[in-house]
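Biologist: I am new to this structure and would like to learn how to read it. Could we take a few features one by one?

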There are 4 protein chains.
Amino acid sequence: MNAAIIGASGYSGEELVRLLSRHPDVELAAVTSRSLAGTRVADQMPALRHLVGELTFTASDPYDLAVNPEIDIFFLALPHGVASEFADPLFQAGKTVIDLSADFRLSSTRIYEDYYGQAHPAPHLLEAAPYVIPELADGNWKDASLIACPGCYPTSIQIPLIPLLKAGLIEPKGIVINSYSGVSGAGRKVAEDFIYCERNESMKGYGMPKHRHLSEIEEQLEKAAFADCVVQFNTHLAPMTRGISTTIVVKARTSIDTLYASWEKRYAAKPFVSVLPSGTYPDTKYVTGTNRCDISAVYDSRTENFVITSAIDNLLKGASGQAVQLMNLKFGFEETAGLV
Amino acid sequence: MNAAIIGASGYSGEELVRLLSRHPDVELAAVTSRSLAGTRVADQMPALRHLVGELTFTASDPYDLAVNPEIDIFFLALPHGVASEFADPLFQAGKTVIDLSADFRLSSTRIYEDYYGQAHPAPHLLEAAPYVIPELADGNWKDASLIACPGCYPTSIQIPLIPLLKAGLIEPKGIVINSYSGVSGAGRKVAEDFIYCERNESMKGYGMPKHRHLSEIEEQLEKAAFADCVVQFNTHLAPMTRGISTTIVVKARTSIDTLYASWEKRYAAKPFVSVLPSGTYPDTKYVTGTNRCDISAVYDSRTENFVITSAIDNLLKGASGQAVQLMNLKFGFEETAGLV
Amino acid sequence: MNAAIIGASGYSGEELVRLLSRHPDVELAAVTSRSLAGTRVADQMPALRHLVGELTFTASDPYDLAVNPEIDIFFLALPHGVASEFADPLFQAGKTVIDLSADFRLSSTRIYEDYYGQAHPAPHLLEAAPYVIPELADGNWKDASLIACPGCYPTSIQIPLIPLLKAGLIEPKGIVINSYSGVSGAGRKVAEDFIYCERNESMKGYGMPKHRHLSEIEEQLEKAAFADCVVQFNTHLAPMTRGISTTIVVKARTSIDTLYASWEKRYAAKPFVSVLPSGTYPDTKYVTGTNRCDISAVYDSRTENFVITSAIDNLLKGASGQAVQLMNLKFGFEETAGLV
Amino acid sequence: MNAAIIGASGYSGEELVRLLSRHPDVELAAVTSRSLAGTRVADQMPALRHLVGELTFTASDPYDLAVNPEIDIFFLALPHGVASEFADPLFQAGKTVIDLSADFRLSSTRIYEDYYGQAHPAPHLLEAAPYVIPELADGNWKDASLIACPGCYPTSIQIPLIPLLKAGLIEPKGIVINSYSGVSGAGRKVAEDFIYCERNESMKGYGMPKHRHLSEIEEQLEKAAFADCVVQFNTHLAPMTRGISTTIVVKARTSIDTLYASWEKRYAAKPFVSVLPSGTYPDTKYVTGTNRCDISAVYDSRTENFVITSAIDNLLKGASGQAVQLMNLKFGFEETAGLV
């Protein structure tokens with residue numbers, strides 16, 4: 001099977017190139033970038049020199065790509081808004097599209113407009129595009145040919161929370177989430193706020209109280225809880241390249257043992273979720289470079305809350321790794337193919 | 001005035017040496033350390049080579065120190081439990097003692113025992129020892145000769161919260177606090193968990209849900225609120241040397257403008273508290289190396305919460321800087337003397 | 001084929017576990033550690049949770065291992081001196097042994113004693129054990145069953161220099177080498193000098209002028225040059241987890257084009273050496289996590305020197321990755337198997 | 001005395017603001033920046049919030065400044081070329097000017113043109129402007145009203161080498177220097193190469209073999225040696241905010257004891273140079289935040305070389321700290337005023 005990465009100039013794009021170029025079941029047939037067309041991938045991504053040979057960025061016209069008979073699956077590593085410009089013709093041409101942008105993560109165009117500040121560019125595709133964290137989604141998403149790959153923060157939050165909300169083990173109201181992201185979460189953005197001397201040895205909040213990812217978090221939590229959720233979601237930058245560390249406070253409706261039993265049931269057979277014993281803590285260091293999400297929880301009898309922590313690599317389980325996992329499952333490859 | 005630092009081998013001790021050796025109003029007369037007695041301070045603290053000349057660590061017998069007529073003020077940079085062994089004879093001898101340990105931070109020996117796992121070593125001194133964040137304490141603490149210097153996390157939490165609780169502007173119940181500390185918060189501890197390769201590029205929780213500092217946080221918040229407070233306090237390690245970043249979620253009882261008015265009133269004339277506009281965020285980078293606490297807040301109309309963030313240098317405003325500020329105020333020196 | 005890692009508790013051991021547990025052609029049959037015997041590998045190396053399942057450290061008696069018919073190849077990740085205790089019985093039993101320690105890197109017991117401060121523990125094996133950087137060694141090393149895997153610094157130095165010395169393109173005298181290592185070069189050593197707050201934001205020299213690796217560097221350069229070499233070798237610690245950056249000054253005997261032609265000839269077909277254009281610089285960031293060595297050079301007409309720079313990941317091409325590459329080549333696996 | 005900082009928007013400018021705003025003998029009367037004119041310094045340099053009050057950037061017309069009777073001394077923190085536009089009118093008006101740019105560091109306009117790629121903008125001022133490292137310069141520089149403040153790398157190199165060259169204790173030929181700079185050495189430059197994720201965990205060379213600072217290094221070494229010097233100078237970026245670590249290899253003409261005696265004689269009374277015992281190593285961590293240069297040396301009997309290492313804070317002893325030290329000495333203030 002042949003794959004293309006559209007808009008591969010950023011960090012998520014680079015991870016996709018890395019993962020797909022060594023994937024046993026697919027061939028990386030094209031890597032596109034408007035700004036880099038004509039340059040060698042090895043020159044732009046020197047870390048991949050030994051993997052990419054003479055692979056060269058090509059221009060990326062969506063209509064040309066749609067009629068290219070050689071490419072079966074497209075990964076869109078594009079900004080929101082732009083992703084739809086590609087998703088539409090590719091979808092119409094019957095291609096498989098895994099979109100890493102926010103364009104197909106929300107079911108409501110109104111909420112999209114509220115959070116992303118523009119009208120939804122392809123509302124007619126929303127229904128066709130399931131939002132899929134593979135460990136949590138129901139089976140029939142594999143029939144879809146346009147799949148929305150969830151955001152990084154939302155992945156670190158839903159993996160611990162969704163099973164608990166579905167089982168009614170926690171209060172859906174009053175959830176407080178603090179997340180800390182490595183700087184690569186901002187992409188390869190060249191701005192004063194992201195130069196080394198500004199971010200090194202620095203920890204700070206940003207974008208509160210209404211980070212864009214809040215929209216997909218609340219939609220998914222509500223779906224799981226069959227109830228309204230109004231979440232406090234606090235986002236921060238941490239002085240490291242990769243990783244998201246999330247700490248969640250929720251009101252307990254059950255014991256810590258029941259919480260763990262619920263997780264174990266859901267995740268025992270899942271290769272990319274590790275449930276750690278209560279009292280140990282997920283560490284971004286241990287998930288960096290992997291597609292894993294590590295989770296654990298403690299119960300606080302003083303407050304009757306669970307304190308749940310999780311860690312992922314924002315560029316892998318939070319983006320490109322999860323996208324490849326989606327491809328693996330949809331096409332019946334080994335779930336871990338190219339990911340360990 | 002002559003000062004001594006007792007137990008100066010750790011990072012807080014080093015900061016005290018730095019601050020006192022360049023303080024315009026005091027002479028650093030003695031630096032003690034059982035393990036380092038006889039060695040030159042410049043050899044143990046090479047960063048201070050240009051400041052300390054031939055100053056040498058001495059042994060530290062509390063009874064000898066108590067009868068030394070040349071030393072007026074003692075800074076105790078000792079572990080809890082050990083601090084009392086010094087505080088008692090020095091206090092009895094009429095010396096001024098500023099204790100950076102936890103020994104005199106709590107008014108209840110029962111809670112001390114619960115959190116610190118040992119009987120309180122000097123309960124007869126508790127009443128004599130006020131707990132003082134200088135921006136928040138009432139005036140007569142300056143008469144005390146034994147002063148408890150607050151912990152690092154608690155300082156970053158009380159500066160934003162105490163004025164709001166006193167004014168009834170926030171709910172005292174259901175407060176959720178997430179704090180992230182640089183690695184120097186663990187002191188100069190030599191353990192596998194603190195070697196460079198384990199902490200670099202790593203973010204993780206620890207010690208939840210009942211970090212020792214919770215005891216002093218709850219006592220002080222309750223005092224301010226005249227109400228019970230049961231706080232969720234989540235502590236984490238961040239990959240940086242210094243700094244504490246704290247994010248607090250509290251239920252609002254007023255508008256953001258009233259919150260800011262309360263802060264402005266309390267802190268307008270305070271040199272070491274900066275109130276930042278709503279929508280900007282305290283950054284540990286900007287307080288590192290200073291005795292400042294930066295604070296700001298946003299109101300979230302979706303949740304009716306305030307989200308409050310603060311940042312301090314854990315070794316300065318969170319320890320040694322605050323200790324020197326206490327000395328300055330008690331003895332009528334310029335509040336900022338030796339601290340800018 | 002079944003492999004065992006002996007003394008797997010350090011960082012090199014961890015990398016071997018990672019590489020071998022996902023290697024397509026070998027089974028990781030045993031991981032031994034005296035101190036960790038009986039504990040789960042996943043608990044000691046949480047980063048590998050998804051790779052190692054229930055694998056457990058076993059005790060490591062060399063004579064038991066020697067008679068174990070199920071294990072074909074042993075990787076020794078042990079301190080020098082201790083490695084020989086294992087190498088000897090395993091070698092006598094006809095096993096294949098790849099030794100990552102210094103025990104078999106030198107041909108002279110006198111120099112071993114000079115640099116390592118002890119008599120050589122197994123001089124009778126020295127002749128049987130070739131020292132092999134696979135890109136540089138001649139073919140018949142594959143017949144050996146005991147192979148000395150070179151040190152990290154020496155690998156970063158020999159890959160650029162050996163072809164030039166062999167071809168007589170540079171002066172063998174007066175070579176000046178400066179190398180900078182990430183902190184993992186010291187292993188998982190728990191000592192005050194290696195705690196986070198001491199190494200973060202810190203760059204310094206150490207161990208000059210006679211670092212242990214100098215012995216193998218000089219022996220190998222001399223062999224290549226058929227001439228005496230007395231190298232100035234300056235070693236430093238850099239504030240990063242992984243990576244070695246090396247800068248070499250040598251007197252040129254030819255043009256930069258001839259130098260490049262020599263490198264291209266030697267390395268064009270080698271998957272793990274990248275020759276970068278003159279005027280670009282190897283960056284440790286781009287080799288970290290890979291088994292690659294990147295090299296480049298400039299000619300300075302003012303001094304008539306070449307300035308050569310190289311970068312490797314000290315734990316991969318500088319240790320465990322190279323060890324696996326040696327196994328791949330010896331047993332006729334794909335050279336890159338398990339390494340990309 | 002009133003001081004102004006011209007072009008204060010970069011990191012050196014920020015350090016000057018910090019140092020001068022707490023200097024006991026001068027008043028910081030103006031801080032200029034074309035791009036920031038009208039904005040509050042506290043907003044642009046949040047780390048200085050507690051120091052700068054309502055101080056505001058002003059526009060910076062050199063002719064207006066020249067006739068301003070209230071300002072006595074000007075620090076130019078401007079790019080080379082631009083600095084001369086200010087130095088000329090200010091000098092003509094009789095003001096004292098300390099220039100941190102390269103404009104007045106070289107005595108030869110030809111070499112300036114060669115290294116800086118443009119004709120010298122004010123050759124008529126070259127003779128009037130001494131190049132001064134205060135620990136090394138002869139007394140009459142204090143009469144000058146235009147002073148060239150040396151570059152960061154050159155300071156770390158000249159402090160150890162100049163006394164040895166003057167005394168003939170080392171060979172002036174064949175000197176090899178490797179220097180590693182923290183990222184702030186590039187200033188507040190917003191470019192992809194300087195964003196956090198590119199520089200973090202990365203070490204690499206750049207700008208070899210002819211970094212601009214080489215010109216002033218060779219000129220000064222030659223002056224000291226009364227001989228030609230052709231230096232190999234290798235520059236690198238290290239993953240830290242501040243600090244320069246320099247390692248120098250020179251052929252010894254004397255013993256290590258004589259070298260140390262020479263240093264001790266020169267530096268015993270100097271508050272900002274620390275001579276460390278042979279076998280200990282300057283560490284950037286210990287000089288960061290100080291105006292100190294730490295130096296040490298070892299003798300290698302194998303090579304008959306000295307290996308000399310030094311460390312400075314590139315923004316202090318390598319720029320702004322040294323500039324303030326120059327002011328202190330010129331005006332008869334305490335040498336350490338405002339610098340400890």
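Biologist: Does Ala87(A) count as buried or exposed, and how many C-beta neighbours lie inside 10 Å?

Modeller: First, a caution: this is a predicted model. To judge burial, one counts the C-beta atoms around a residue, and 20 or more within 10 Å make it buried. Ala87(A) has 29 such neighbours inside 10 Å and therefore counts as buried. The residue sits in helix α5 of chain A, which covers residues 82-92.

Biologist: Which residues does Ala87(A) touch, leaving aside those up to four places away in sequence?

Modeller: The list is Leu76(A), Val97(A), Asp99(A), Asp103(A), Ala122(A), Leu125(A) and Leu146(A). Distance along the sequence and distance in space are separate things to read. Ala87(A) and Lys330(A), for example, are 243 residues apart in sequence and 18 Å apart in space, C-alpha to C-alpha.

Biologist: What does the radius of gyration of chain A say when set against a compact globule?

Modeller: A compact globule of 340 residues would have a radius of gyration near 20 Å, and chain A has 20 Å, so the two agree. Contacts can be read by sequence separation as well. In chain A, among contacts between residues at least 6 apart in sequence, 69% join residues at least 24 apart.

Biologist: With which strand does β1 (residues 2-6) of chain A pair over four bridges?

Modeller: That partner is β4 (residues 73-76) of chain A, and the pairing is parallel. Within this pair, Ala3(A) has Ile73(A) as its bridge partner. β1(A) also pairs in the parallel sense with β2 (residues 27-32) of chain A, over five bridges. There, Ile6(A) is bridged to Thr32(A). Four of the five residues of β1(A) are buried.

Biologist: Which domains does the domain assignment give for chain A?

Modeller: The assignment gives domain 1 (2-129) and domain 2 (153-314). Their centres, taken over C-alpha atoms, are separated by 27 Å. Nine residues of domain 1 of chain A are in contact with seven residues of domain 2 of chain A. On the domain 1 side, helix α6 (residues 109-116) of chain A gives the most, with three residues. That side divides into six nonpolar residues, two polar and one charged.

Biologist: How many residues of chain A are in contact with chain B?

Modeller: For a contact between chains, one counts the residues on each side and then asks which elements supply them. Here 36 residues of chain A are in contact with 36 residues of chain B. Elements of chain A that each supply at least two residues to this side include β7 (176-181), β10 (244-251) and α11 (284-287). By class, the chain A side has 15 nonpolar, 15 polar and six charged residues.

Biologist: How are chain D and chain B related?

Modeller: Chain D is laid on chain B by a turn of 180 degrees and a shift of 0.0 Å along the axis, with an RMSD of 0.0 Å. The two copies are thus related as by a two-fold rotation axis. Their contact takes 15 residues from chain D and 15 residues from chain B. Helix α3 (residues 49-52) of chain D gives the most to the chain D side, with three residues. That side has seven nonpolar, four polar and four charged residues.

Conventions
Residues are numbered from 1 along each chain as its sequence is written. Chains are lettered from A and ligands numbered from 1 in the order in which they are written. This is a predicted model: local features need pLDDT of at least 70, side-chain atom pairs count only at pLDDT 80 or more; totals for chains, interfaces and linings use all residues. The radius of gyration is taken over C-alpha atoms; the globule rule is 2.2 Å times the number of residues to the power 0.38. Two residues are in contact if their C-beta atoms, placed from the backbone, lie within 7 Å. Copies are superposed by least squares on the C-alpha atoms of residues with pLDDT of at least 70 in both. Ala, Val, Leu, Ile, Met, Phe, Trp, Tyr, Cys and Pro count as nonpolar, Asp, Glu, Lys and Arg as charged, and the others, Gly among them, as polar. Domain bounds come from an automatic or database domain assignment. Two strands pair if DSSP finds at least two bridges between them. A residue is buried if 20 or more other C-beta atoms lie within 10 Å of its own, exposed if 12 or fewer, and partly exposed in between; C-beta atoms are placed from the backbone.
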